Amino acid sequence: MIRKGEMDMEQKYHKLQMPQFITGRGSISFFATLGKKRIGVICGGRSLNDELKVKIERLAEAAGAELCYLTQIRNEPYVEDIFRCMDDVRKFNPDMFLAIGGGSVMDTAKAIHLFYENPEMTFEEALVPFQLPPLGKKAILVAAPTTSGTGAEATTCGVFIDSVTREKKIILDHKLLPHYAILDANLTDSMPSSVTSATGMDALTHAIEAATAVNASAMVRVMAMEAAVDILENLEIVVSDGEMTERKKDAREKMHVAAGLAGVAITNCCTGIAHSYAHMGPAYSFAHGSVCGLMLPYSMKYVGIHPAYVTISKRLGYRGSDRELTQALIDHIFALMKNLNMKTTFKEFGISRDRYMEDAKVWAKISLEQFPTVVSPAEMTFEKGLTYYEEVFDGVYPVV
């Protein structure tokens, strides 16, 4: 296990890893300007509505490109989802992959791109971190997210579930980054409120955890804090009922950009203990964003008073000592979740406390080994991990 003290903190430079961003409402049309002629579409079950489908097909036709729908991803991706369509992919022989959907779609597209260009590679070989070959010789990857949450259009990993063991398998390398990330807020306007809330809290967790990660550069911290403030100021507006006013449209665009920036931030440092301890998501089939968002304010107690918390709190208009500002940010996040009608304890999910705490003994152990724990300012132990799980289940309000 890598300890915080063993990390190379003497590095004198930081290279920012990110795709080329294309922003603005209507920017989905950008994909048709790249001169590619065989475009393989990877999409989500609900992400490609009839209107968007017609628009993409017309844009491709006008550009003289052939379009092929390769696969739809309707859930968190399984390992077999990658290979199920590979025969069709190779038969079509695309020079562009266009991924339209949420994080599961983005992750699957990255893996399909990898194995399309490297047909002899096994999945096990791909699991070795930062050892992948360069991509782009046969095709480019263009990612157009339809949710403002995972930031997967800007991350260097793909997360997949082993359908037998239910374990998460991670492919990790900067070479997985999409070549272009299109942040078109028009693609998010039809998102249900529940999905908007869950993915928004996921993005907020990315931003706040990246801002506190011990390996974050000055640029990443600035980016992460800006993303956090934009999400905190706009998420409730986006979820509010009523017609699509100019105010709501503007809020949606700010949310969409903030989620992308939060994705860049975690790509260039990491997340924190709200993510590394979030094992109840895959274990009980709970939405990833809802789980991480719920755990976030409880995790902040273990990080303690932090300059990033203080800065974000001041940006939201709070005043006081560093301790008071940190507490104000925790209180603000709890209030936001309640206003979004989100659960704030795991007890509310209706699961057995005995089973949960038994599982927590395993989770508290394996979480110590995970990199987000290593780069978090929180000094975790097995015992602290168990207490953390207990507090999140029972709703013991975090006080710094």
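Which helix gives the most to the lining of the second largest pocket, and with how many residues?

Author: The structure is a predicted model, in which local features need pLDDT of at least 70, side-chain atom pairs count only at pLDDT 80 or more, and totals for chains, interfaces and linings use all residues. Residues are numbered from 1 along each chain as its sequence is written, and side-chain values use heavy atoms, with hydrogens and water left out.

Helix 6 gives the most to that lining, with four residues. Helices (H or I, at least four residues) and strands (E, at least two) are DSSP runs, numbered from the N terminus. Pockets and cavities are both found on a 1 Å grid over the protein atoms alone: a cavity is a set of points where a 1.4 Å probe fits but cannot get out, whereas a pocket is an open set with protein on both sides within 12 Å along at least five of seven lines, and lining residues have an atom within 4 Å of a point. Grid points are joined across faces, edges and corners, and a volume is the space filled by probe spheres set on the points.

The second largest pocket has a volume of about 230 Å³. Its lining comprises 14 residues, and Ser194, Ser290, Asn341, Met342 and Lys343 are those nearest the centre. Two or more residues of this lining come from each of helix 6 (193–212) and helix 11 (288–303). By class, the lining holds eight nonpolar, five polar and one charged residues; here Ala, Val, Leu, Ile, Met, Phe, Trp, Tyr, Cys and Pro count as nonpolar, Asp, Glu, Lys and Arg as charged, and the others, Gly among them, as polar.

Helix 6 and helix 11 also each supply at least two residues to the lining of the largest cavity. By the rule above there are three cavities of 30 Å³ or more, and the largest cavity holds about 70 Å³ of space. Of the 14 residues that line the largest cavity, Glu209, Thr212, Gly272, Val303 and Ser376 lie nearest its centre. The lining of the largest cavity divides into eight nonpolar, five polar and one charged residues.

Ala227 is buried, with a relative accessible area of 0%, where buried means under 20%, exposed over 50% and partly exposed in between (1.4 Å probe, protein chains only). The C-alpha atoms of Ala227 and His206 are separated by 9.2 Å, although the two residues are 21 apart along the chain.

For the strands, two of them pair if DSSP finds at least two bridges between them. An open sheet of six strands has the order 1-8-5-4-2-3, with parallel pairing. Its edge strands, strand 1 (20–23) and strand 3, each pair on one side only. Within this sheet, strand 2 (residues 38–44) has six of its seven residues buried. Strand 2 runs parallel to strand 3 (residues 66–73), to which seven bridges join it, and Gly44 has Ile73 as its bridge partner in strand 3. Five bridges join strand 2 to strand 4 (residues 96–101), also in parallel, and Val41 stands opposite Leu98 in strand 4. Strand 5 (residues 140–145) and strand 8 (residues 180–183) run parallel and are joined by two bridges, with Val142 opposite Tyr180 in strand 8.
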